[in-house]
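Below is a short briefing on one structure.

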Amino acid sequence: MRRHLTVLVAATLLGAVAAPAAGMAPTPEPVTVVGPFQLGTPEGDALAAELAVFTAQQGVPIIYETYGPVEDLFDLVTGPEPPDLILSPQPGTIRELAPHLVDLSGFVNPNIMNRDFGEYLIDLASVDGVVAGAPIKVDLKSLVWYRPAVFEAEGYDVPQSFDELVALSDQMVANGQVPWCNWIESGPATGWMGTDWVEDLLLGAEGPVVYDEWVDHTVVFQDPRVRVAFERFQFMIDAAGYVFQRSLMTLWPFFENVFPLAFGDCLMHKQASFFAAFIQGFGFDLGEFSTFKFPSVNQEFGDSVLGGGVYVAALNEREEVRLLVRYMLSQRFGREALAEVGGWLLPNVRFDTKRYTDELTRSFAEIVQAALLAGQYRFDGSDLMPPEVGAGTFWQGIVDLVDAAKTLPEVLEDIDDSWPS
């Protein structure tokens with residue numbers, strides 16, 4: 001279901017609405033934005049508040065709507081009444097939609113975009129020199145959440161390698177504890193949590209070059225190096241006693257992993273930086289939780305970082321749209337509300353990290369900024385692949401493996417066969 005919000009209403013709470021900017025009609029037309037963030041959630045409400053700041057400053061009303069599966073986004077963009085802006089967590093989808101999108105280099109100088117976000121993130125959503133999208137949010141995915149007080153009480157050390165992570169999991173099982181919280185249900189997107197595991201395991205074993213070749217399908221899913229990453233994932237979910245309520249993995253919502261982790265039913269949860277928003281949203285003290293980097297299989301690639309994010313793309317060149325895009329790509333975007341939401345990381349390397357209100361999120365942002373500046377940041381592979389693969393057979397393949405509906409060879413063949421020629 002699509003849900004509507006006119007941000008102009010929220011803006012009146014901030015003071016008088018500004019006069020229209022130069023170049024706009026006396027009564028600016030609303031800008032329609034569609035995105036994946038649900039109103040009523042910490043991230044959705046913070047985004048609405050951030051857009052309200054723009055409305056108060058520029059006098060431009062904004063209508064925000066949410067969409068469901070990626071197919072809905074395609075229908076919206078290609079339908080009779082397309083929105084002005086779209087927000088998508090999948091650069092691959094942005095590239096697929098590029099013929100319908102405006103070149104953002106006409107809104108913001110591409111040299112400035114490369115300076116502020118790094119060439120890697122801009123190139124991900126560019127097609128034949130056209131900048132079809134630019135990031136407004138990034139996540140740090142190579143993380144394991146835990147409660148330091150529990151580790152200290154049990155004498156557990158933070159693992160420095162994947163072998164040590166397995167050994168720690170075995171130690172927890174031997175002590176009568178469950179290592180992993182790993183519910184992965186996410187509606188039509190169920191499966192993405194498992195793809196994160198596979199991506200981290202491949203990146204940390206084979207490094208960025210092989211990872212990039214796999215994302216481009218130069219290295220296929222049936223390649224032995226990729227198969228081993230899947231096998232390691234299967235081991236981590238199927239080893240006896242490793243996963244809390246294993247039979248419910250594809251049935252229980254991923255965000256509710258907060259509860260068994262907080263209550264000690266399981267002691268670790270592999271999840272991105274945005275998990276902080278759920279911890280806070282459910283009323284838990286974020287200070288009781290911490291993270292460690294998901295350890296690499298091969299220490300040669302121990303510094304590589306996996307992440308994700310959300311891109312903005314435009315379908316209209318009206319001045320109101322141009323102004324909103326410029327605002328969302330500036331270092332000002334996020335400092336009023338988003339920096340207060342645990343886990344929302346602003347991708348602009350000029351964003352002042354001192355504005356993050358909790359130390360954990362600030363530490364995530366500093367890691368991401370350093371990785372972007374060093375060229376060591378890699379985006380979620382499933383979000384870079386063609387939608388029929390990344391948001392289709394790859395996600396479904398994870399579900400089939402978790403539910404034992406198909407064998408690993410069958411899943412890998414299915415994914416390779418689905419890749420568009």
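A disulfide is a pair of cysteine sulfur atoms within 2.5 Å. The model is predicted, so local features need pLDDT of at least 70 and side-chain atom pairs count only at pLDDT 80 or more, while totals for chains, interfaces and linings use all residues. Residues are numbered from 1 along each chain as its sequence is written, and side-chain values use heavy atoms, with hydrogens and water left out.

**Disulfide**

- The count under this rule is 1 disulfide.
- Cysteine 181 and cysteine 266 form a disulfide, and their sulfur atoms lie 2.0 Å apart.
- The disulfide is right-handed because the torsion about the S-S bond of cysteine 181 and cysteine 266 is about 110°.
- The pair links distant parts of the chain, 85 residues apart: cysteine 181 is in the loop between α8 (162-174) and α9 (192-215), and cysteine 266 is in the loop between α11 (258-263) and β9 (269-270).
- Helices (H or I, at least four residues) and strands (E, at least two) are DSSP runs, numbered from the N terminus.
- Buried means under 20% relative accessible area, with a 1.4 Å probe and protein chains only.
- Cysteine 181 is buried at 1%, and cysteine 266 is buried at 0%.

**Cavities**

- A cavity is a set of points, on a 1 Å grid over the protein atoms alone, where a 1.4 Å probe fits but cannot get out; lining residues have an atom within 4 Å of a point.
- The structure has 3 cavities of 30 Å³ or more.
- The largest cavity holds about 50 Å³ of space.
- Its lining includes Ser142, Asp200, Lys293 and Phe301.
- α9 gives the largest share of that lining, 3 residues.

Definitions and conventions: Buried < 20%, exposed > 50% of the residue type's maximum accessible area, 1.4 Å probe, protein only. 1 Å grid on protein atoms, 1.4 Å probe; cavity = no way out; pocket = protein on both sides within 12 Å on 5 of 7 lines; lining within 4 Å. Points joined across faces, edges and corners; volume = space filled by probe spheres on them.
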